[in-house]
Structures are given as structure tokens and as C-alpha cells.
Amino acid sequence: MDQGNERRILIMGAGGRDFHTFLTTMKDNRLVRVVAITAAQIPYINNRKLPASLAGERYPDGIQITDEENLLDILASEKIDEVVFAYSDVTHTYVEEQRKKVEGAGVAFSTFDVDATMVKSTKPVVAVTAVRTGCGKSAVSRSVIKTLAAHGLKSAAIRHPMPYGDLGKQAVQRFETMQDLVDHECTIEEREEYEPHIAAGSIVFAGVDYEAIVREAEKEVDIVLWDGGNNDTPFYKPDVWITLGDPMRPGHEKTYFPGDESWKRSDILVLTKMDSASPEGIAAVTASAAEVNPDATVLKATLPISLSEEDAAKVKGKRVLVVEDGPTVTHGGMKTGAGTIAAERYGAAEIVDPRPWVKGELATTFTHYPEIGCLVPAMGYSDQQIADLEASINASDVDLVVIGTPLNLGTLINIDKPYVWATYEAAFEGDSLADAMMGMLKEKGLV
């Protein structure tokens, strides 16, 4: 079929799911021609191309990636036939707003096909997903790996994509040592997800081409762990599908795309933050699980925040600046995190508003997300953002910095004042995740 008869497609994305949707459903589909990809949510991921080395022989010039702000202009100038929405952690209301905008321009609109984009692995797959970003997926993923290891099963975490650099070089990435993080020039966001796994002795795979990635992982493991990002659905067909619900954000399991799909379809639903959520929130999400997915096994977990006795004493009575995980408190919409909970629990005199001292691109983040609470989001998608984060923290008039990010931020930037790092792991109440997950794998004859 010549290009004149192909359906012209634009993919709306955010630097990950969009590429996977293209590679699994469109790359070799001669009925369609992907003309452009738009970028949102993450800074610095536009004005580049999905290179021909990934896009394939049908796209010798690659595929242009541009800012979502240019959407309507591209629809008109490129005579687009259909827009495919392919990113996550947005409300269904937001998706419908995009639908109306696109259809108002006379163009068809659809969302990505969940099942068509699930690659089949030759090894059993355990998938960990969530209804929103910031539910505690990383802690639960680490718990899964420990459980599998205790049963003599080698696994590796395949992490949801964060390809913010050279896409060709990032096609397939393998992380086993801390030096690998340096060699791959990882952002703070990547380090937050990869470093805890590596510190625990696990291997992490990530990148852009997730079929190529899983084929590499299959050479080394007995079980593949899909460590999901945001509230996206798995890139691999899961044999055991685990989804986290958040009682601190009740109702989001029904109203956020595409996490509601995971909530409906998972084998195991885990209600996290049982130690910090309100009774009303816990009751609402428990009732939602029973209503939406009555056949699922429902487990409850705490995410206990930990400070050493020495660090806890440093917090008491101090004016503190709290630094939290960036994605969780920006597009994730959380008002608190591990750092805030630790500051309150261990008796800080005051959690100081950082706004008088934020600089450069960190100040821009507050402009884009004015609802951010009394905390600093650890934004680190570029060298300049990291420099501005460091400068903002060091300019603050506080006694102590409380870090609540998944890795110790103090090892990456130079903080010129005392700081402590609040950590957390998943702890299950009653029936354990280990029993439920291993039982399901054994029932299916996979272990």
C-alpha cells in the first residue's frame, strides 16, 4: 500500500507509553502512518525524534516529537486522520477534554489498546501496577523480588520507561551496579526507581524497545517482574497482576486513566498506607475493590516510615524543609510524602514553606503546579533542574532538611545544611502478598 492510502496517525504521549504503543501496534502496520508524536507531563522530551533505528525501515527519517501545545496545528497541517492517546495518570475528564478538542477539529480520537500492547514473555510475569503514581509500587516490587528469591527463583525488575535522553542509545538498558546509573546518565527520577533495586542486589532493565528488553531479561531470570510507572497498565501479559489502591486518594481508582483498568482486571489488589490513611478513605477503597473487582484477592499493607534513632532526635523541635519525590507531588497530586510524615511524626517545630527560596526551573515547577504543598519536589530531569534544586535547598532558612525521596538525595547533590533521609518498605497485614502470589503461580503450574 502506498503512503497515500495509509491512515495518518498522531500519538499523544509523554516519553514512554507512546513509543511502546507505536512499536507494538503500528511500526509494521502498513495500514497506518505515524506522522508525529506529541509530548506532555515531562520537561525536555520534545523537539527530538524517535530515531529510524527504533522506528524501522518504514520511517527512514524517524518520527518527530513535538510539544502537545502544537496539537491542533499539526492536525491541520499534516492532515491527521486519527489521534491515539497514549499516556497515563490523568483523569477520564482530561481524556474526554482531549477527545472533544480533537474531534472538534474533525479528527478521530482513541486511546491505546491495553491488550494489543501487552508483549508475551517466554517466562512467567508478575506485574505490579497502581491506580496513581505515588501509591508505593516500588516498595511492593521489592517485596515481590524478595519473596521470589526466598523460593529460589531469580527475577529482575523491568521498569516502566523513562527514556529522557538519546532514544537510540537507550533502546535496551541493563543496570546491575551504581556505576551503570552514571554510565547511562540517569536523571534523579530514574535513579529513584533503579537505585533501591540495585542496592538490594537486583538487576533492573529499562529503555524504549520493551520486546527487545524482555528477550534480554529472559536469558537471566526465572520470573519477570514488571515494575510499573505512574498508573499505566503492564507492557507484558501478566500471569499474576497486582494493583495498588490508595486510601489517601479514595475514588481515584475509578476516575484516573488507565489505572481503573488495572483495578478492574488485577488478580491481587493491595490497599497501601494503612498506617497513614483515614478510616473513611480505607473504607471507601475497600468498598470499591469489592464492587469493581469482587474476584480479586484483597490485601492490606502499611508503608512504615523509618528514621534512625539519631536522625529522629535531629528532627524534634526543628524548623525543617521537606523534599519529596517529584512526580508524586506534581502530576501525582499528593500533598504529603514520606518526608512530610516523618517531619510530623518526629516532632518538627515547623515545616517551612520553600517558596521564598526556590530558584530557576524549580520556581517554574511551582508555577505549573500551584497546588504543591509545603514541600520541595525533587525535580531532576536535567542538569539545570538539579542545579536549581540544589541552590533552592541551600538558600533556605531552615535548621534541617528532611528528604523523603526513594533514594538519598544527599548523595547526588551537595546540601550545605544538616539533613536526614526517611525510608519506607511495605509491610503486609494478615494474609501476606507472598502467600497470595506464590499460590497463584503454583496453581497455574508456573513454579
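This is a predicted model: local features need pLDDT of at least 70, side-chain atom pairs count only at pLDDT 80 or more; totals for chains, interfaces and linings use all residues.
Which elements do the buried residues of α16 pack against?

**Stop 1: helix α16**

Select residues 383–395, which form helix α16. The helix has 13 residues, and the distance from its first C-alpha to its last is 18 Å, close to the 18 Å expected at 1.5 Å a residue. Now colour Gln385, Asp388, Leu389, Ser392 and Ile393, the buried residues of this helix. Because they cover an arc of only 130 degrees around the axis, they lie on the same side of α16.

To answer the opening question, display the elements that these buried residues pack against: α7 (188–199), β18 (319–325), α15 (360–368), β20 (376–378) and β21 (400–403).

**Stop 2**

In soluble globular proteins, nonpolar side chains tend to be buried together. Select Phe22, Leu50 and Ile158 next. Within the largest nonpolar core, which has 110 residues, these three touch the most other members. Strand β2 (residues 32–39) supplies the largest share of this core, namely six residues.

Centre the view on Phe22 and show its surroundings. Setting aside residues up to four places away in sequence, Phe22 touches Ile11, Lys27, Val34, Leu50, Ala55, Tyr59 and Ile63. Then move to a second, separate core, which has 38 residues; Val126, Leu244, Met437 and Leu441 are among them.

**Stop 3: Asp89**

Select Asp89, in the loop between β5 (82–85) and β6 (90–91). Is Asp89 buried or exposed? Its relative accessibility is 3%, so Asp89 counts as buried, the cut-off being under 20%.

Display the residues around Asp89. Apart from neighbours within four places in sequence, Asp89 is in contact with Gln41, Val131, Arg132, Thr133, Asn230, Asn231, Tyr256, Phe257, Pro258, His331 and Gly332. For Thr133, look at the backbone nitrogen: a polar atom of the Asp89 side chain lies 3.5 Å from this nitrogen.

**Stop 4: salt bridges**

Side chains of opposite charge can pair when their charged atoms come close. The whole structure contains 26 salt bridges, and the tour visits several.

First, select Glu193 and Arg159, whose side chains form a salt bridge with an N to O distance of 3.2 Å.

Next, select Glu216 and Lys219, which meet in a salt bridge of 2.9 Å, N to O. Glu216 has a relative accessibility of 33% and therefore counts as partly exposed, whereas Lys219, at 64%, counts as exposed.

Then select Glu350 and Arg319, whose salt bridge has an N to O distance of 3.4 Å.

Finally, select Glu6, Arg33 and Arg58. Salt bridges with shared partners join these three residues into one network.

Key: Residues are numbered from 1 along each chain as its sequence is written. Side-chain values use heavy atoms; hydrogens and water are left out. Helices (H or I, at least four residues) and strands (E, at least two) are DSSP runs, numbered from the N terminus. Buried means under 20% relative accessible area, exposed over 50%, partly exposed in between (1.4 Å probe, protein chains only). A polar contact is a pair of N or O atoms within 3.5 Å; within protein, one must be able to donate a hydrogen and the other to accept it, and residues adjacent in sequence count only if both atoms are side-chain atoms. Contact means heavy atoms within 4.5 Å. A nonpolar core is a set of buried Ala, Val, Leu, Ile, Met, Phe, Trp, Tyr and Cys residues joined through side-chain atoms within 4.5 Å. The expected span of a helix is 1.5 Å times one less than its number of residues. The arc is that of the directions from the helix axis to the C-beta atoms. A salt bridge is a side-chain nitrogen of Lys or Arg within 4 Å of a carboxyl oxygen of Asp or Glu.
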